[in-house]
Amino acid sequence: MTVMAKPEHTGARTLVDAPTLSPTAIAKPDLISVEQAKAMDVARITDLFKAHLNPGQLHFMKLLGFHKVKIERAEGMFYIDQNGRKILDFFGGFGSLAFGHNHPRILEARRKFQEEKRQEIAIAFMSQYAAALAHNIAKCSPGELDMVFLGSSGSEAMEAAVKLAERAAGPKRPKVVYAENSFHGKTKGVLAITDGQLYRAEFKVADNVVRVPFADIDAVERLFRNDPEIGVIVLETIQGGGGIIQAPAEYWQKLRALCDRHGVLWVADEVQCGYGRSGRFYAFEHYGVVPDVTALAKSLGAGKAAVGAMIAKRNVYMKAYGTPKTAMIHAMATFGGMGEACVTAIEGINVLYDDGLIDNAASTGEYLLQRLRAIKEKYPKIIKDVRGKGFMIGLEFHDFSQTLPMVMRPVVSILDDKLKGSLSGFVGSLLLRDYDVLVAFTEYNRNVIRLEPPLICQPEHVDRFVDAFDSLLSRGIVAIVKDFVKSQVGK
């Protein structure tokens, strides 16, 4: 084949040989098909996890016995494993499964979207689905919270929230206050306000941050009064990673007043505690206050899509990004406002209200708390505290030595710090092995089991969980330890 090229300075045509095309096609690598992935056994999954995902994490999964489970499918409140065993889900994906697994209305909305081959990436054109989702979120939000940024995760939503607040506060007030034992995400920006050395490691994080004790309004007031460079305060309404920690109503009401008095913008992180989990759409609604900026994620994607959102008061949003010159500073990224993800979230919010799931979180969540408080009274030497709101509950165990017979306590107490988390791990492992119940844990207080069941959870599910927990604790701590040690043999 030849092509014509026009040489410089002459009108003559010159024939130039085109490059020879490769005679062979690119070879397909040794790939795994969808059907092959579905058919994998636990041993093969383990090999691939170790080779390509996270070998260190596998160590902890083995300790808990979670590595033996292959989930084949999931429906409602249950996972179903390779042996047909139904596992009651009181973990809930850290609050990501408000509707349980594979809610039929969510599946149907996604099926229709796919069958009609509707548009997915919403960048060049306006998306009716992104616009509708933003409208719905604004309608669910109190006060003047009506400007929405759509993303794909809680970290992304919180990055957007902090950036917007910092811009609105202005360059003369660059400092951001955050709380001890906070968790706002693992991405580089919000890592500066995530109070965990495990996650921070040796990363260089932003230095315009100030830490304050959680729920200490006097400490906040001193900071605001003494440092005029503070422009933003960022707080989880209920601390999840900190061990399901709440502040009293007066704290939030005084905080709102302090922020107004000193011109500080309040960002409420509702990524985990929001979306109905506490028994209100936002947890801060329990206290009759409204932040300047907030964020949602987790269940916003209805358990089938990755969706996060920042929601801000219009005046704050316009101050940061309200002109054509500034509008694109933090516009939606490639996967923000994707069509099917937005449709999933739109249907999810409708289901949330149509099925009365926020009310259910309040009423059945209170029933769960009542039953667990009775268990605490029954085992006061084992359970230190039961706390939470709605379907966001923490079960805190005493330090290990305090749960043992009196004669053993002096010897074991010197190891309490190293043994933190061991009892919650033993209990979580045995609940799964012997009772087919899945629970979660917390990042900072390792003595806490975290309970975040789907908002579809009914009293009979509560009874099954609490009865299993009661049965396990009735063995006594020494027997629980022995049973756990036996479960580790032969791994």
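The side chains of Arg118 and Glu116 meet in a salt bridge, 2.9 Å from N to O. Here, a salt bridge is a side-chain nitrogen of Lys or Arg within 4 Å of a carboxyl oxygen of Asp or Glu. Side chains of opposite charge can pair when their charged atoms come close. Arg118 is partly exposed, with a relative accessible area of 24%, while Glu116 is exposed at 52%. (Buried means under 20% relative accessible area, exposed over 50%, and partly exposed in between, with a 1.4 Å probe and protein chains only.)

A word on the source: this is a predicted model, in which local features need pLDDT of at least 70 and side-chain atom pairs count only at pLDDT 80 or more, whereas totals for chains, interfaces and linings use all residues. Residues are numbered from 1 along each chain as its sequence is written, and side-chain values use heavy atoms, leaving out hydrogens and water.

The structure holds 30 salt bridges, and here are three of them.

| Pair | N to O distance |
|---|---|
| Arg118 and Glu116 | 2.9 Å |
| Glu340 and Arg110 | 3.3 Å |
| Lys384 and Glu396 | 3.9 Å |

Where do Glu340 and Arg110 sit? Glu340 is in helix H13 (residues 339-354) and Arg110 in helix H5, so the pair links distant parts of the chain, 230 residues apart. Helices (H or I, at least four residues) and strands (E, at least two) are DSSP runs, numbered from the N terminus. Both partners are buried: Glu340 has a relative accessible area of 10% and Arg110 one of 16%.

Lys384 lies in strand S15 (residues 383-389) and Glu396 in strand S16 (residues 392-397), so their bridge ties together parts 12 residues apart in sequence. Lys384 is partly exposed at 47%, but Glu396 is buried at 9%.

Now look at helix H19 (residues 477-488). At 1.5 Å a residue, its 12 residues should span 16 Å, and the end C-alpha atoms are 17 Å apart, which agrees. The expected span is 1.5 Å times one less than the number of residues. Which residues of H19 are buried? They are Ile477, Ile480, Asp483, Phe484 and Ser487. These residues cover an arc of only 125° around the axis, which puts them on the same side of H19; the arc is that of the directions from the helix axis to the C-beta atoms. An α-helix has 3.6 residues a turn, so residues three or four places apart point the same way. The face turned away from the buried side carries the exposed residues Lys482 and Lys486.
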